[in-house]
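Subject: Structure for your review

Dear colleague,

Please find the structure below, followed by an account of what was found in it.

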Amino acid sequence: MAKQVLSLSLLLVFLFHCTTTSGQPAQAPTLPAVAPAPPGPPDVTKILQKVGGFTILIRLLKSTGVADQLRGQLNDSSIRFTLFAPNDNAFSNLKAGTLNSLNNEEKVRLIQFHILPTYYTLENFQTVSNPVRTQAGDNKPGDYPLNVTSVGSQVNVSTGLVNASVSGTLYSNFQLAIYQVDKVLLPLDLFVAKPPSPAPAPAPTKPKPKKTTAAASPKTSTTATPTVVNSGAVSLATHGILVSLGVAVFIATFSL
């Protein structure tokens, strides 16, 4: 009897639950999740901040405006870069006052010297043609030459003043590669005094015109001649008067 009562109770509970459930509105179907927007162009300073240990490089990238320039150019997916990034320890190993000795334009050149206008994987450095071109400009000897060599898995970077090694990959996609280097890359153009340029040859002087004696002769004769002529005329006149007086006295004497 107890089992029948229990079965009847369970049946009533089941029927009540079904009646309650059927009276509720049906739930709305779940919408699919919205896919996240594709990320923008890579931001060099944010990448370095996330890695950590690049405070000085980040400050230079921002103060020189190079960070904004890179971000703007990377909006174009056809433009690609490779950045050699020295960490704070590399900057601290510089001679004291090295950065302070540079003006703003020279700091821009220094940072641009660490940037290649091409995307390189580590494997690409095995066949690269040296010297590679940087954002700093001319790669001729004495200016901004940068040589990158690869031996096995080791990549070395030489500026003519500094020999640095790539110590790790910080970021790499199809558009931007950032490699950590253990030294700041110092270009020859900024840190080697150039010999002074030779002084220009003096312009040839024109000879002064010589005074001719023919031009001077008329002046001399002109001034001298009147004196001679005048002196002769006075002498002749005086002599004539004396002669006349003498003749007159002679005639007067014999007349007496």
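In which loop is Pro 131 found? Pro 131 belongs to the loop between strand E2 (115–116) and strand E3 (147–151); helices (H or I, at least four residues) and strands (E, at least two) are DSSP runs, numbered from the N terminus. The peptide bond that joins Asn 130 and Pro 131 is cis, with omega about -5 degrees.

The model is predicted, so local features need pLDDT of at least 70 and side-chain atom pairs count only at pLDDT 80 or more, while totals for chains, interfaces and linings use all residues. Residues are numbered from 1 along each chain as its sequence is written, and side-chain values use heavy atoms, with hydrogens and water left out.

Salt bridges

A search of the whole structure finds two salt bridges, each defined as a side-chain nitrogen of Lys or Arg within 4 Å of a carboxyl oxygen of Asp or Glu. In one of them, Asp 43 pairs with Arg 71, and the closest N and O atoms are 3.3 Å apart. Asp 43 lies in the loop between helix H1 (2–22) and helix H2 (44–51) and Arg 71 in helix H4 (residues 66–73), so this pair ties together parts that are 28 residues apart in sequence. Arg 71 also forms a salt bridge with Asp 68, where the closest N and O atoms are 2.4 Å apart. Asp 68 and Arg 71 are three residues apart in helix H4, which means that about one helical turn separates them.

As to accessibility, buried means under 20% relative accessible area, exposed over 50%, and partly exposed in between (1.4 Å probe, protein chains only). Asp 43 counts as buried at 15%, whereas Arg 71 is partly exposed at 32% and Asp 68 is partly exposed at 47%.

A nonpolar core is a set of buried Ala, Val, Leu, Ile, Met, Phe, Trp, Tyr and Cys residues joined through side-chain atoms within 4.5 Å. The largest one has 50 residues, of which Leu 48 and Phe 84 touch the most other members. Contact means heavy atoms within 4.5 Å. Leaving aside residues up to four places away in sequence, the contacts of Leu 48 include Phe 54, Leu 57, Ile 58, Leu 61 and Leu 170.

Helix H3 (residues 55–63) has Ile 56, Leu 57, Ile 58, Leu 60 and Leu 61 as its buried residues. Among the elements that cover them are H2, H4, strand E1 (81–86), helix H5 (88–92) and helix H6 (104–112). Gly 65, which follows H3, has a positive phi near 85 degrees.

Strand E4

Val 155 is found in strand E4 (residues 154–158) and counts as buried at 2% relative accessibility. Not counting residues up to four places away in sequence, Val 155 touches residues including Leu 122, Phe 125, Val 148 and Val 166. Val 155 and Val 181 are 26 residues apart in sequence and 9.6 Å apart in space, C-alpha to C-alpha.

Yours sincerely
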